Amino acid sequence: MPELSDSLQKVIAPAISKEIANNQDVMIDALYPIMGGMISKYVTQSIKELMEQINRKIENGLSTERFKRKLKAKFTGVSETELLMEESSDAVISALFVIHKDTGLLISSASMAKREIDDPQMVASMASAIKDFINDWINKHQENKEEIQILSYGNATLYIESAGSVYVIAFLDSEPDYELRSEINRFFASIVKQYALYFQNFDGDDSAPEVSEISQKMQDYLLLQTDFDRSSTSVQKHNPAKLIFLALGVLLLGYGGYIANEWYKIRILETQIKQKTAQEITLNAHDNTIELNGYVDTLKHIPEVIDLIGEKTGKPVINHLILSTKGQEYLFAKQQKNIQDDEQKLTLLQKQFSETTKPVLESIAELQKKIVLLEAKETEIHHILHIKDEIASKLFTAMKNNPFYNRQEQALDFAKLHLFSVQQVDYNPKEINAVKKTFEHYLSVLLPYRAYLKKIIIEGHSDSSGTAANNMVLTQKRADVVKTYLLKQPFVQKAHIENLLESVGSASKEIILVNDQEDHNASRRIMIRFELDPDMVYETMQKVFNIQQKDDIINRNGSKEKL
Amino acid sequence: MISKKIILIGDFATGKTSFIRRYVDNQFSDTYLSTIGVKISRKNIALEHETVQGLIWDIEGGTEIKPVNTTYLTGAHGCIIVADITREETIEHIANYLKTIGDIIPSAPVILVLNKRDMLENITAKNILEQVKQQYGQTVNDIYLGSAKSGSGVEEVFYTLAHSMLT
C-alpha cells in the first residue's frame, strides 16, 4: 500500500499541487467514489502530509529558522530533509489509557508529570461512551465497519487505537502525524501481545499486578518521548498548552471578578434585608435563582424580601427559610386562637340557622300532611264522580260473555228467551231459570255499590200487537211476576234489596226489530237495569267538602295558636 | 478496588437521572432535564467486606419513536430498570427492556425500580408492587419501590445490585 501511495503521489502531486491548497475536500470527494474508501484514506493522508510540508516551506522559506537548519545540516552531517521531518513530529503525548472495550472501564493509565488527568476512570468511561456513540453512528450510516480514530477539540486530540478486547487512548496536544500514530500502534501492539489473556479476562479489579506493570511500561514510554523531545533539534514553537493555560488564566481572572462582584451585590442585599426585616437571612446565588436560608421569627416579611430580591437581581427566589421555635410557637398560638374563634362563630351560626329553619321545616311538614289529605280527597272525589263508569267497567268485565248483557245500557235484556207467550202474563217456567242465574251474577257486581244505588228496575215489555193500554197492564203484570219470582230467591233475600227492586211496565215502547221487521217473540221480554241515586252522590261529595272546610278551620286555629 | 459498569434504563422521564443524582450527590430537583445520549457518574458502593467502584451509566430514556441505544449496554455488569409507578405504560415496557438485557448482557443481575412512589398513597403503591412482583418477580433479582425525591429505596437498590454483581 505505501508503494501505491508513493506512485499516486508522484503522478498526482505535481499536477494538483497548485490546486490542493484551497480544494482539499473537493479532491477527496472526487477521488473517493472512484478509488474506494481504503485508497481514499491513504490519498487523503498523503495529501495532508504534502499540505503540511508545503505550509511549512511557505512559513519557513524566508525565515531565520531555515538558515539555522541549513547551518545545522552542514555541521552535523544530517540532511536538511531529516531535520525537517523531525520538526514535523511535534505532537506530544500527555497521557495513555488502556481501556476495556466492552465495559469502558480503565485498566491502566499513565501520564506525564504536571499533565495528569483528573478522575481517569470517569474520563475513560466518557471517552468510551463517545467512541461507542460515534462508532454506532458511523456503522449505521456507512457500509464499511470502521472505528473512530481521532477525536479533536481545539489543540486537544485523542488518538484511539483498538485491538481485541481493549483499546488505547493517547492524549495529545495536537493531531499526531502518520509516524507518531505508527509508533503508538507499535507500542500498543507490544502491550496487547504481552497481556492479551489478562485483558480478555479483565473483571474490573485494578489491584492485579498486571495493572501496575502496564502502567509502568506506559510511563516509561512517555518518559522516552520527553527525552527524545529534549534531545531533538526540533524548533521550539509556541507551546499550545501554555497558550491554553494563559487563556484559561485570563478567563478565570475575568470570571473571578464577575463572581466577586456578584458576591458583593448579594452581601449588600443581605444587609438591606436585615435592615428592613430585622431577620438574619442568608442569600445563596445560583445561576438562575437566589436561595434563602436561615431561621426567622416571622414569615410576614417574606413577600417583601422576595420582591426586593426580584427588583435587585431579576432572579426568582427559592425559599429554604426555617421558622424559629419562637416564631412557630407564636404562629401556633395565633392559629389556635383563630381556630377557637372560628369554632365559636360556627356554633353561633349553627344555632341561628336551626332557629331560622325550624318554623320553615314545621310549615313544610304541615303542608306535606295537607297534600297527602288533599290527594286522598281527590282520589275519593274522582271515585264518586266516576262511579257509574266504574260499575259499567266491572259489569262488562264480569258479563262480557253473557248473551243477556246489554253493554250500551249496562242492563240485562232477555229478548233471546221465549219468556212470555202472546198476551200471557205468566213466564215460561223452562226459561225463568236463565233469568235467575243471570240476575244473580248481575247483582253480585252491583252489591258493592249498594250505597249509591237508587233502584233496580225490572221492565216488562210486549210486542206491538194489542192496544197500548192492554199492553201497559200486561207488561206491568209481567214485570210483577218476575219481581215476585226473584224476591223468592235466597240470594235476593240475603242481599236485602227488596226496597230497591221496582217493577215497571213499558208496553211496546221498545220492540225488537230484525231487518226492519218486528221479532214478536223477542219483543215480549223482561229487562233489568239499575239506577244510581244522584242524591247519594251529591251527599257524599258534600261530605268530602265539608270535611275539607272543617280541616281548614282547624288549621287556621292551629296557626293562630302558634303565632 | 473492583470497578463495575452499571446501567440505568427505562422509558423517558421515569426519573433515572434524578435517581442517580439522589444516590451520588444526595440532591433532587423537580426540574425535568432530558438526558441526551448517556451521562456517566461514579460512586463507591461500600459492602460488608469490600468496596465496589460503580461507574453508573445513565442512558437516555427510550420512547416509541427513539428506542434505547443498546450499544451502551455492552459489557455492563449490572442493570437497573426504572419505571414510573404513576405511568402504567412505563411498567408495561419493562418486558421490552428485559428482552434487550437478556439479548446483550444475559448474565448481568437486574433490579427493577418503581420510582416516584411519593406520588401515590402507600396502599396503592404496594398494590402495584405486588402486581409487578407477580409479573416479573421470577425474571429479575429484586423489585423496589423508590423515590428519588424522598430518597426512599435509593441506597438499597445500589447496595443490592452491587452485592448481586459480586456473587
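Predicted model: local features only at pLDDT ≥ 70, side-chain atom pairs only at ≥ 80, totals over all residues.
1. Confidence in chain A. The mean pLDDT of chain A is 80, and 78% of its residues reach 70 or more. Among the elements of this chain, the lowest mean pLDDT, 52, belongs to helix α2 (residues 24–60) of chain A, while the highest, 95, belongs to strand β12 (residues 411–413) of chain A.

2. Stretches to read with care. Over residues 28–40 of chain A the pLDDT stays under 50, and the model has 11 contacts beyond four places in sequence for them. The pLDDT also stays under 50 over residues 553–563 of chain A, for which the model has 2 contacts of that kind.

3. A hairpin in chain A. Strand β3 (residues 150–153) of chain A and strand β4 (residues 156–163) of chain A run antiparallel and are joined by 4 bridges. Within this pairing, I150(A) stands opposite Y159(A) in β4(A). There are 2 residues between the strands of the hairpin, and G154(A) takes a positive phi near 60°.

4. A two-sided helix in chain B. In helix α3 (residues 94–104) of chain B, the buried residues are I94(B), Y97(B), L98(B) and I101(B). Because these residues cover an arc of only 100° around the axis, they lie on the same side of α3(B). On the other side of α3(B), K99(B) and D103(B) are exposed.

5. What covers that helix. The buried residues of α3(B) are covered by elements of chain B that include the strands β1 (2–9), β4 (78–84) and β5 (110–115), together with the helices α2 (88–92) and α4 (122–136).

Terms used: Residues numbered from 1 in each chain as written. Chains lettered and ligands numbered in written order. Heavy atoms only, no water. Buried < 20%, exposed > 50% of the residue type's maximum accessible area, 1.4 Å probe, protein only. Arc of directions from axis to C-beta. Contact = heavy atoms within 4.5 Å. pLDDT = per-residue confidence, 0-100. Pairing = 2+ DSSP bridges.
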